[in-house]
Amino acid sequence: MKHQEKSYGLVVVGGGHAGIEAALIAHKRGIKTLLISMDKNAVGRTSCNPAVGGLAKGQMVKEVDVLGGVMGFFADLSTLQSKTLNKSKGRSVWSPRSQIDKNLYEKIAQDYLKRVSLEVLEAEVVSLYIKNNSVCGVFLRDKSKIECNSVVLTCGTFLNGLIHIGSEQVKAGRYGEKGSEGITENLNSLGLLSGRLKTGTPPRIQRSSVNWKKGEAGYGDKKPSPLSYRTKNFSPKDEPCYSFRTNKKTHDVILENLSSSAMYSGKNMATGPRYCPSIEDKVYKFNQNPSHVLQLEPEWTMSKQIYVNGFSTSLDEKIQLKSLKTVSGLEGVKFIRPGYAIEYDFFYPSQLKDTLESKAVSGLFMAGQINGTSGYEEASSQGIIAGINASCFILNEDPLVLKRNDAYIGVLIDDLILKDTDEPYRMFTSRAEYRLQLRSSNADQRLLEKSKKYKLLDEKTLNELSKKVENTEKIVEHLEKNNVEPKAINMRLEELNEKAISEPTRISNILKRPRVSISDFKIKVKGLKNSLTTHMQEEILFEAETIIKYSGYINRQKEEIDKIKIYEEMIIPQEFDYNNIKSLSNESREKFISIKPQTVGQAQRINGIRPSDISILLVYLKRPFHVKQKR
């Protein structure tokens with residue numbers, strides 16, 4: 001057996017969005033890190049849709065950014081169109097999204113790794129080197145061994161990946177890229193449970209084959225906002241996306257040829273994402289809808305290759321083409337490559353701690369689709385946490401754990417380790433019960449102290465964000481403590497059809513009125529930090545206004561959080577023996593034993609666990625003899 005001469009603190013397996021974040025943050029924290037990818041040229045590849053951010057996902061990108069991540073920064077540098085979604089709803093669910101140049105994003109990522117001197121090895125990891133249930137290294141396909149103190153697995157869809165296009169099946173990790181074999185079997189032999197999931201991607205078509213005049217152009221915001229706090233002077237391109245609609249003819253072609261779809265052919269396929277259904281599912285399961293939107297998106301600047309968002313499919317290639325040609329404007333459409341479904345192995349994330357470290361193997365962390373998630377942003381979010389905590393593991397520091405009220409990332413991880421994974425997990429604002437607090441506009445306020453503690457940001461960015469947070473707090477304090485005179489505001493209130501005031505009134509009280517905005521007041525606050533960009537000043541005022549307008553709701557949520565805090569801090573010993581609790585139902589006992597919740601708060605959130613189960617658990621936690629005796 002060959003031996004590599006070098007050894008590392010951390011080895012990250014996989015060069016996708018999770019892998020990049022994990023490797024870079026550990027490298028930044030001084031850990032000797034090696035990133036292993038099967039193809040150096042594929043590192044940072046956005047393999048599916050050409051966009052970063054979106055509903056709830058934009059919030060996560062902002063959170064990753066405050067924690068020292070790079071996804072938002074790379075996206076800003078490659079943006080083709082920027083837009084904030086959900087603006088017709090409350091500010092808590094406004095979500096930034098950037099259409100990106102995929103080729104440029106990939107190049108920026110790879111150039112950045114070189115610039116910071118992160119070592120990248122082109123190789124295939126086939127198994128882990130384990131001693132006494134602890135990671136000691138990895139074995140490569142060429143039988144060489146690389147020793148390390150910790151491993152982060154971010155294997156995406158590559159573990160025993162199988163592509164489906166109609167009846168055709170191809171072993172691959174992505175279209176045109178070979179899959180990976182060995183890791184699943186190795187981890188299974190260690191007792192880790194795996195399953196199969198499925199995801200899909202739409203066809204790519206030739207720009208010249210589309211009659212663009214029949215589509216409806218969609219543009220970005222006139223005053224776009226960057227995804228990264230490090231981005232200055234954000235003035236991206238505004239390339240349009242075009243929407244087209246399917247029709248009865250389209251649906252008839254699909255329904256008549258459902259058997260050509262891998263998913264409807266009778267094959268025993270894995271479960272796909274319910275919230276990102278294939279066109280077959282849309283037509284078959286939602287047949288009450290006469291048409292569905294197809295969003296045609298450029299994959300890079302004026303690219304000849306167009307992404308058909310909304311047409312994810314595993315239909316036979318000829319049927320895909322035939323059905324698309326029934327869409328007005330796509331009568332002459334030509335493929336660059338067909339859509340396909342891909343099945344792959346994942347590991348049930350309930351086998352992980354809230355740090356994303358394996359409960360069974362010390363020093364082993366997992367992030368991304370290997371944990372059953374779907375989406376770049378979900379992968380990036382897990383990657384940054386896994387990388388931070390792997391570095392903490394190596395440095396013997398306390399890990400970073402984000403709670404549900406800290407961040408969408410906290411919601412993501414909590415859901416993964418406690419809920420049943422029966423389909424690829426995708427983040428939505430509705431999953432976050434504290435979403436009023438988890439706004440895209442206040443990620444810096446929520447996470448800056450954690451970033452300081454773990455030294456995740458460069459000094460310049462840290463100082464800028466500290467000034468921004470401090471200024472926001474000062475403006476809020478000013479609004480809550482100072483009055484406005486009737487003569488200074490009544491004319492504006494009259495214009496807004498708002499009731500005039502008859503005496504000096506707290507600015508915050510008037511600002512809570514729906515039609516009133518902070519721009520209606522002349523705000524002058526002593527001691528504000530200067531040297532902030534115009535955009536950052538606008539963000540400060542906007543956030544101060546939001547805090548005031550949402551204050552009643554936010555305070556109620558904080559009271560709820562305080563009430564349950566005691567359970568979040570109540571530790572369940574790892575050796576706690578649930579078999580001794582005879583009054584638990586068999587189902588509840590099995591769930592506790594399988595998931596091994598770390599706290600009573602976690603135990604409460606396990607699917608199917610009842611309040612009575614928690615009451616019984618609390619009684620027995622006070623009895624130390626219910627801890628398993630070590631032999």
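**View 1. Charged side chains over tyrosine rings.** In this predicted model, the charged end of Arg-431 sits over the ring of Tyr-425, 4.2 Å from its centre. Lys-62 lies over the face of Tyr-229, at 4.3 Å from the ring centre. A charge is taken to sit over a ring if NZ of Lys or CZ of Arg is within 6 Å of the ring centre and within 35 degrees of the ring normal.

Residues are numbered from 1 along each chain as its sequence is written, and side-chain values use heavy atoms, with hydrogens and water left out. Local features need pLDDT of at least 70 and side-chain atom pairs count only at pLDDT 80 or more, while totals for chains, interfaces and linings use all residues.

**View 2. Helix 6 and its two faces.** Helix 6 spans residues 248-256, and its buried residues are Thr-250, His-251, Val-253 and Ile-254. Seen down the helix axis, these buried residues fall within an arc of 160°, so they line one face of helix 6; the arc is that of the directions from the helix axis to the C-beta atoms. They pack against helix 7 (279-285) and helix 8 (317-324), contact meaning heavy atoms within 4.5 Å. The face turned away from the buried side carries the exposed residues Lys-248, Lys-249 and Glu-256. Buried means under 20% relative accessible area, exposed over 50%, and partly exposed in between (1.4 Å probe, protein chains only). Helices (H or I, at least four residues) and strands (E, at least two) are DSSP runs, numbered from the N terminus. At the start of helix 6, a side-chain oxygen of Asn-247 reaches to within 2.9 Å of the backbone nitrogen of Lys-249.

**View 3. Aromatic pairs.** Rings of Phe, Tyr and Trp (its six-membered ring) pair if their centres lie within 6.5 Å; planes under 30 degrees apart count as stacked, over 60 as edge-to-face and the rest as tilted. By this rule there are 12 aromatic pairs. The ring centres of Trp-212 and Phe-244 are 6.3 Å apart and the planes are at 65°, so this pair is edge-to-face. The pair links distant parts of the chain, 32 residues apart: Trp-212 is in the loop between strand 13 (204-206) and strand 14 (216-218), and Phe-244 is in strand 15 (residues 241-245). Phe-244 is buried, at 2% relative accessibility. Ring pairs also link Phe-74, Tyr-105 and Tyr-112 into a cluster.

**View 4. Asn-133, a residue with positive phi.** Asn-133 is not a glycine, yet has a positive phi of about 60°. Asn-133 lies in the loop between strand 7 (125-131) and strand 8 (134-140) and is exposed, with a relative accessible area of 52%.

Technical notes. A polar contact is a pair of N or O atoms within 3.5 Å; within protein, one must be able to donate a hydrogen and the other to accept it, and residues adjacent in sequence count only if both atoms are side-chain atoms.
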